[in-house]
There are 2 protein chains.
Amino acid sequence: MPRALEGVRVVDLSHVLAAPTTSMILADLGADVIHIEPERGDDSREFGPFVGGHDRNRSGYFISLNRNKKSLVLNLKHETGKTVLRELIRISDVVLENFRPDTMDKLGFGWEDVRKINPRAIYCSICGFGHDSLPEYGSRPAYDMVAQAYSGLMSITGPEGGPPCRVGSSVGDIIAGMQGAIGILAALRYREKSGRGQCVDIAMVDGLFSVLENAVARYVNTREIPGPLGGAHPSIAPFQGYQGKDGQWVIAAIGNDKLWAQYCKILGREDLIEDPKFKTNPLRCDHRKEMNAILEVEMAKKTAREWCDIFEKERIPYSPINTLQQICDDPHIAHRKMLVEIDQPIVGRMQVCASPLKLSETPGEVYAPAPMLGEHSEQVLRELLGYSAEKIAQLKADGVINKTV
Amino acid sequence: MPRALEGVRVVDLSHVLAAPTTSMILADLGADVIHIEPERGDDSREFGPFVGGHDRNRSGYFISLNRNKKSLVLNLKHETGKTVLRELIRISDVVLENFRPDTMDKLGFGWEDVRKINPRAIYCSICGFGHDSLPEYGSRPAYDMVAQAYSGLMSITGPEGGPPCRVGSSVGDIIAGMQGAIGILAALRYREKSGRGQCVDIAMVDGLFSVLENAVARYVNTREIPGPLGGAHPSIAPFQGYQGKDGQWVIAAIGNDKLWAQYCKILGREDLIEDPKFKTNPLRCDHRKEMNAILEVEMAKKTAREWCDIFEKERIPYSPINTLQQICDDPHIAHRKMLVEIDQPIVGRMQVCASPLKLSETPGEVYAPAPMLGEHSEQVLRELLGYSAEKIAQLKADGVINKTV
């Protein structure tokens, strides 16, 4: 199948999660991503789960994020390493990095340097508070949790009245990574028309702040400060999770009074339908606690699976609250091919999450495994830069690239 | 300033949140988005907060999502309404919708219909389980909460050992909306080369499943089922929120033993540094409960703000857990111009969240307010389709477009 980003070359100086998410999206769409790694490898090669033994080439975390990419080990403290990087940037479309804001400038590869090397290059940086930030913010280490906390997202996530909770996946990194991909694709389009590259400055805090949606609209327009609501909907009831007798959870999404009557009948509690405390949605919201005391008892009479089957048949909007086991084994995920197998060098067959970008002509695809550390160093220098075998041997001897894979 | 997507026209049949997020991103980047609304308006015009009175043109929710777009009221149950839509699709680049899977087919504007009208069109659908789904899934109503529950995200979000929690913003809709934008931009690039349009089929469940990162890698490789971890890091301690004496929260991110020693000194608890239960990170993870009993008491001795100031000065990685009030009033958000003012018809001056896409040449921008219902019906028909005043008057009389704004 053709790929949407065929012919787009990315020099990827990223590590761990935010910018590697960007380059994963671009690589899934067919871009040629050259992941530049230091001799010790991307830090995330040290992150578990390890598959079949602790080793830099066996991190399930690294592999899932870096499928489809190439790995070039390059010593950027060495002058010759810098020369190689400069030559690669000259023939590439995108430069991507997620160091602290001053790191690339110090290396001599900030945006102002890169645009001199290649004025058509699109330079994308991702960091906690942005390259254009207040001086004291730029140097702060910004872990995903810092972005989740700083942006306000944690303050609206968690049980009602309880402690603020972190979203269970690193959305501070991932959403910024997605925004990086959007910015790069937009910049590529602009370059088609103008011939000019530009700089894309993504901040993880901005990224999460921009997805708070109604919480921001509510605060700026009413000055009400929203808090966490657990698993419930603020203005519809019941519209939340209940625990079945097996301890598994199921969402009942009773959006109107007609559904309420149907739901009460299913529970064998017709007496609740016209109960003056529960008969309309506003009443149910007002008496949510009392209502839940009753519904929790009723819902504990069958397993979550049994409820799902009944709700499906009776057309009650619902969802199981799936565990990772349940969703990974789910027929929907299988039908959508959202988990795919790769042949990973050293590791063998393993599963990774597929691309959600289901395009009819050029779908996002997992077409290659993740690279072993330095796997493509020689290939990249030979094929893209035309280096001779002698020159490559010299670079190995000088510690500019890896000696072995 | 030039805009990256100038010249890209989007026929936007979306409502509420998922696909409107896609068209907001495209409009912020300069696409000409024509939001087709039924006579009663996009459902989200009825969502609060309302600014200065309950009215379809005063929803802060609708306004924040629909800035930069045009509104064309079009009766698609009327044959002439369908003709108008067909003519618009013929001269547009993108068709976007987020109805249930069979709705557009029934209207005569599914992908197979649209590609006949305009083979260069890019058709993007967003729904809960995807257009290509198992038969029983496609017809399920998929609220954001259904996607959060079904995908596994809720099962890893919330307090440790506690009930699964919903992420406080509608990331099921929003992440799918961002993936729609990525898919459309990739498809536009492919069209530049091939001349062909294509269909982008985004499922909210896929979207969230694809951002579970380590949870999926962990489950598929180890069969361990991850659960919620509250506000803590699974393998670093202390790396979580503590409550100050004012009840506000602050994250202390003590990533290594050197920081631990520094942190203990700041707390005036040098005795803890070499404590055999706490002196290394693995020990602190093992004795997390005991450690937290001590740290919670110490952290309650100053306000969160005081801790932030001390941690900033002493270079301890930290973050306040900001409320919406704190983040909206934050100097970083001001510096990054992440809240901007618009002149909204009827409403007046109001704030909306800006674009996080900070591109140096073609930044995402809020350059126009949200449209009043049907505000651009006449303009679109006159300027884009060349309709005469008489023809437009007839369409009004026939109830095909709105009579007044």
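Two strands are taken to pair if DSSP finds at least two bridges between them. In this predicted model, that criterion gives an open sheet of three strands in chain A, ordered E7-E8-E9, with antiparallel pairing. Strand E7 (239-243) and strand E9 (318-320) stand at the edges with a single partner strand each, so one side of each has no neighbour in the sheet. On average, neighbouring strands of the sheet are turned by 20° against each other, direction ignored. The pairing of strand E8 (residues 249-253) of chain A with E9(A) is antiparallel and runs over three bridges. Across from A:Ser319 in E9(A) stands A:Ile251.

The sheet is one part of chain A, which has 18 helices and 11 strands in total. The C-alpha trace of chain A spans about 85 × 50 × 40 Å along its principal axes. Of the 405 residues in chain A, 57% are buried. Among the contacts in chain A with a separation of 6 or more, 68% are between residues 24 or more positions apart.

The next topic is how the two chains are related. Two copies of a chain are related by a rotation about an axis and a shift along it. Here, chain B is superposed on chain A by a rotation of 180° with 0.0 Å of shift along the axis, at an RMSD of 0.0 Å. This is the relation of a two-fold axis.

The contact between the chains takes 114 residues from chain A and 115 residues from chain B. On the side of chain B that touches chain A, helix H8 (residues 171-194) of chain B contributes the largest share, 14 residues. That side of chain B divides into 70 nonpolar, 34 polar and 11 charged residues. Of the interface residues of chain B, 99% are also interface residues in chain A, so the copies meet through the same surface.

One residue of chain A shows contacts across to chain B in detail. Leaving aside residues up to four places away in sequence, A:Ile182 touches B:Ile25, B:Met178, B:Ala181, B:Ile182, B:Leu185 and B:Leu357.

Definitions and conventions:
Residues numbered from 1 in each chain as written. Chains lettered and ligands numbered in written order. Predicted model: local features only at pLDDT ≥ 70, side-chain atom pairs only at ≥ 80, totals over all residues. Contact = placed C-beta atoms within 7 Å. Least-squares fit on C-alpha atoms with pLDDT ≥ 70 in both. Helix = DSSP H or I, 4+ residues; strand = E, 2+ residues; numbered from the N terminus. Nonpolar A, V, L, I, M, F, W, Y, C, P; charged D, E, K, R; others polar. Buried ≥ 20, exposed ≤ 12 C-beta atoms within 10 Å, placed from the backbone. Axes fitted to C-alpha atoms, helices over the stretch in contact; angles between N-to-C directions.
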